[in-house]
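User: I have a structure to go through for class. Please walk me through the parts I point at.

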Amino acid sequence: ALNPVQKVLYSANKRVENFIDFYLRYETVKVENETLLKENIELNEKLRNYDILVEENKNLTEMFSFKNRRNEYNYVGANVIGNSGGGIITSYTLDIGTKDGVKKGMAVMTPEGIVGQVTDVALTYSLVETISSENVSIHVTTVENTENTGILVGYQGADKKQMAKINYLPIDSSIKEGDSIVTSGLGKFYPPNIFVGTVTKINDDKGNLMKTAIIETTVNFKGIQSLFIIVPKDSESVEY
């Protein structure tokens, strides 16, 4: 007769024991969770720092290789501390200026290719406009045929995509879709053979006996955090 009552009492007692056990362990579990959360945050931070170091090492290795090929220039590293243009980035503010030897007109690059040109400079900072800006022009050529030369200027593609285009190509130019565009080195502003981008479209202007080539730039302007300013060692031979 007492068996059902005993079962009820046992069940109630068990719940009380579990509740007391949970209450006693709550603070311990809370501390353990906070410790694990802190460790997880620290590990993620170390992983991010590691990825950053790997990327920086890769960029420096690529720049060192480029520097060995073009040792008539110095390459001054700079950090991006600001940009303008909203969704379409057309300029950057860098953390170096005239005290670091930067001059207006100097070319700027990443290991991937040409970024743009210094358009204004102060003692401790400088402004750079990208090659997708209409205010910057570069003399370029194709890897496939160095006779295909023209002036590269900024261009806005579909959906406001940042691109560039080459003007003043002769109508009989052999330039074609898929060709690789590099700097020509004319004027010594830019070292020759720095990658600019790839031809995506050719437009004929038969009335003016010229062609225009639309270029997809190799540099992703939205992802730049640091870059290099190209400084000729024989700066007296360059009139910026």
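User: Which strand is Thr130 found in?
Analyst: Thr130 is found in strand β5. A strand is a DSSP run of E of at least two residues, and a helix is a run of H or I of at least four; both are numbered from the N terminus. Keep in mind that this is a predicted model: local features need pLDDT of at least 70, side-chain atom pairs count only at pLDDT 80 or more, and totals for chains, interfaces and linings use all residues. Residues are numbered from 1 along each chain as its sequence is written, and side-chain values use heavy atoms, with hydrogens and water left out.

User: Is Thr130 buried or exposed?
Analyst: Thr130 is buried, at 0% relative accessibility. Buried means under 20% relative accessible area, exposed means over 50%, and partly exposed is in between (1.4 Å probe, protein chains only).

User: What does Thr130 touch?
Analyst: Leaving out residues up to four places away in sequence, Thr130 touches Ile89, Thr90, Ser91, Tyr92, Val115, Gly116, Val136, Gln162 and Phe221. Contact here means heavy atoms within 4.5 Å.

User: Back to β5. Which strand is joined to β5 by four bridges?
Analyst: Strand β2 (residues 91-94) is joined to β5 (residues 126-130), and the two run antiparallel. Two strands pair if DSSP finds at least two bridges between them. Tyr92 has Val128 in β5 as its bridge partner.

User: And how many bridges join β1 to β2?
Analyst: Four bridges join β1 (residues 73-84) to β2, again antiparallel. Ser84 stands opposite Ser91 there.

User: What do six strands, β1 and β2 among them, close into?
Analyst: They close into a barrel, in the order β1-β2-β5-β4-β3-β12, with antiparallel pairing. On average, neighbouring strands of this sheet are turned by 45 degrees against each other, direction ignored. Axes are lines fitted to C-alpha atoms, for helices over the stretch in contact, and angles run from 0 to 180 degrees between N-to-C directions.

User: What about β6? Which order of strands does its barrel follow?
Analyst: That barrel has six strands in the order β6-β7-β8-β11-β10-β9, and the pairing is antiparallel. Its neighbouring strands are turned by 45 degrees on average, direction ignored. β6 (residues 137-142) and β9 (residues 180-183) pair over three bridges. Thr142 stands opposite Ile181 in β9.

User: New topic. How many salt bridges does the structure hold?
Analyst: Three. A salt bridge is a side-chain nitrogen of Lys or Arg within 4 Å of a carboxyl oxygen of Asp or Glu.

User: Why would such side chains pair at all?
Analyst: Side chains of opposite charge can pair when their charged atoms come close.

User: What is the salt-bridge partner of Lys161?
Analyst: Glu216, at 3.3 Å from N to O. The pair links distant parts of the chain, 55 residues apart: Lys161 is in the loop between β7 (149-156) and β8 (162-170), and Glu216 is in strand β11 (residues 210-217). Lys161 is partly exposed at 37%, and Glu216 is partly exposed at 35%.

User: And which residue meets Lys176?
Analyst: Asp179, with N and O 3.0 Å apart. Asp179 is buried at 2%, whereas Lys176 is partly exposed at 44%.

User: Which residue pairs with Lys99?
Analyst: Asp100, with the closest N and O atoms 3.4 Å apart. Lys99 is exposed at 53%, while Asp100 is partly exposed at 31%.

User: Okay, the inside now. How many residues are in the largest nonpolar core?
Analyst: It has 41 residues, and those with the most contacts inside it are Leu152, Ile166 and Ile229. Strand β12 (residues 226-232) gives the largest share, five residues. A nonpolar core is a set of buried Ala, Val, Leu, Ile, Met, Phe, Trp, Tyr and Cys residues joined through side-chain atoms within 4.5 Å.

User: What is Leu152 in contact with?
Analyst: Leaving aside neighbours within four places in sequence, its contacts include Ile131, Val136, Ile138, Val140, Ile166, Val196 and Ile215.

User: Last one. Where does Thr217 lie?
Analyst: In strand β11. Thr217 is buried, at 12%. A polar atom of its side chain lies 3.3 Å from the backbone oxygen of Val219. Beyond four places in sequence, Thr217 is in contact with residues including Gln162, Met163 and Gly197.

Conventions: Polar contact = N/O pair within 3.5 Å; in protein donor to acceptor, adjacent residues only side chain to side chain.
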